[in-house]
Amino acid sequence: MRLLNCTRTGGWVQADGICVGRGTGQHSAYVKPLRRSKEISRRVAFRWAREMAKADVCGHVIAGKPELRQRLASKGFRHNYYGENVGCMWGGTPREMVIRTHRAFQDEKGGGGWHWRNIKNAGFKSVGVGVASIGGSTRVVYDFYGR
């Protein structure tokens with residue numbers, strides 16, 4: 001959450017994980033910080049990170065598994081405004097891989113990539129965060145939600 005809300009509020013996450021300019025709008029427009037949803041984190045985002053790690057894949061979809069809309073709805077989250085950032089890294093400690101994954105999302109600023117757009121989307125009010133590490137790789141999931 002610290003990394004995510006750093007970028008969201010106009011700060012910039014450095015390679016060591018330190019946030020420069022949090023809440024200032026210095027590096028991009030200020031957007032109100034997200035609330036962490038414990039339930040989306042535990043019941044949706046973490047489970048997806050673990051599924052990806054077990055299947056040794058990196059993506060929003062795994063054949064035979066429910067897509068994000070279904071994963072949210074099956075846990076009682078039925079609001080129609082949602083999004084997802086998924087990232088995977090290999091090599092280093094889990095902490096280092098989480099930072100590198102977040103920085104990859106952040107680096108989409110110049111091209112307006114979807115990961116960047118999700119982070120900066122003011123329509124998202126809360127987020128579930130899931131991280132799973134297996135065998136030298138780490139999967140990171142941000143499940144954004146409109147409420």
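Is aspartate 56 buried or exposed in this structure? Aspartate 56 counts as exposed, at 57% relative accessibility. The model is a predicted one.

**Aspartate 56 and its partner**

Aspartate 56 belongs to the loop between α2 (38-55) and α3. Its phi is positive, about 55°, although the residue is not a glycine. The side chain takes part in a salt bridge with arginine 139, with 3.2 Å between the closest N and O atoms. This pair links distant parts of the chain, since arginine 139 is in strand β6 and aspartate 56 is 83 residues away in the loop between α2 and α3. Arginine 139 has a relative accessible area of 1% and is buried, because buried means under 20%.

**Salt bridges**

The count of salt bridges is five. Three of them are tabulated here.

| Salt bridge | N to O distance |
|---|---|
| Arginine 42 and glutamate 39 | 2.9 Å |
| Arginine 139 and aspartate 56 | 3.2 Å |
| Glutamate 84 and arginine 71 | 2.6 Å |

Arginine 42 and glutamate 39 are three residues apart in helix α2, so about one helical turn separates them. Arginine 42 is partly exposed at 47%. Glutamate 39 is also partly exposed, at 32%.

Glutamate 84 and arginine 71 form another salt bridge. Glutamate 84 is in strand β4 and arginine 71 in helix α3, so their contact ties together parts 13 residues apart in sequence. Glutamate 84 is buried at 9%. Arginine 71 is buried at 7%. Shared partners join Glu39, Arg42 and Arg43 into one salt-bridge network.

**Charges over rings**

Arginine 71 has a second contact. Its charged end sits over the ring of tryptophan 48, 3.7 Å from the ring centre. Arginine 117 lies over the face of tryptophan 114, with 3.7 Å to the ring centre.

**Aromatic pairs**

There are six aromatic pairs in the structure. One of them joins phenylalanine 77 and tyrosine 145: the centres are 5.6 Å apart and the planes stand at 80°, so the pair is edge-to-face. Phenylalanine 77 is in the loop between α3 (68-73) and β4 (82-90), and tyrosine 145 is in strand β6 (residues 137-145), so the pair ties together parts 68 residues apart in sequence. Phenylalanine 77 is buried at 16%, and tyrosine 145 is buried at 7%.

Tyrosine 81 and phenylalanine 124 have ring centres 5.0 Å apart and planes at 35°, so this pair is tilted. Tyrosine 81 is partly exposed at 37%, whereas phenylalanine 124 is buried at 3%. Ring pairs link Tyr81 and Phe124 with Phe105, Tyr142 and Phe144 into a cluster.

Key: Residues are numbered from 1 along each chain as its sequence is written. This is a predicted model: local features need pLDDT of at least 70, side-chain atom pairs count only at pLDDT 80 or more; totals for chains, interfaces and linings use all residues. Side-chain values use heavy atoms; hydrogens and water are left out. Rings of Phe, Tyr and Trp (its six-membered ring) pair if their centres lie within 6.5 Å; planes under 30 degrees apart count as stacked, over 60 as edge-to-face and the rest as tilted. Helices (H or I, at least four residues) and strands (E, at least two) are DSSP runs, numbered from the N terminus. Buried means under 20% relative accessible area, exposed over 50%, partly exposed in between (1.4 Å probe, protein chains only). A charge sits over a ring if NZ of Lys or CZ of Arg is within 6 Å of the ring centre and within 35 degrees of the ring normal. A salt bridge is a side-chain nitrogen of Lys or Arg within 4 Å of a carboxyl oxygen of Asp or Glu.
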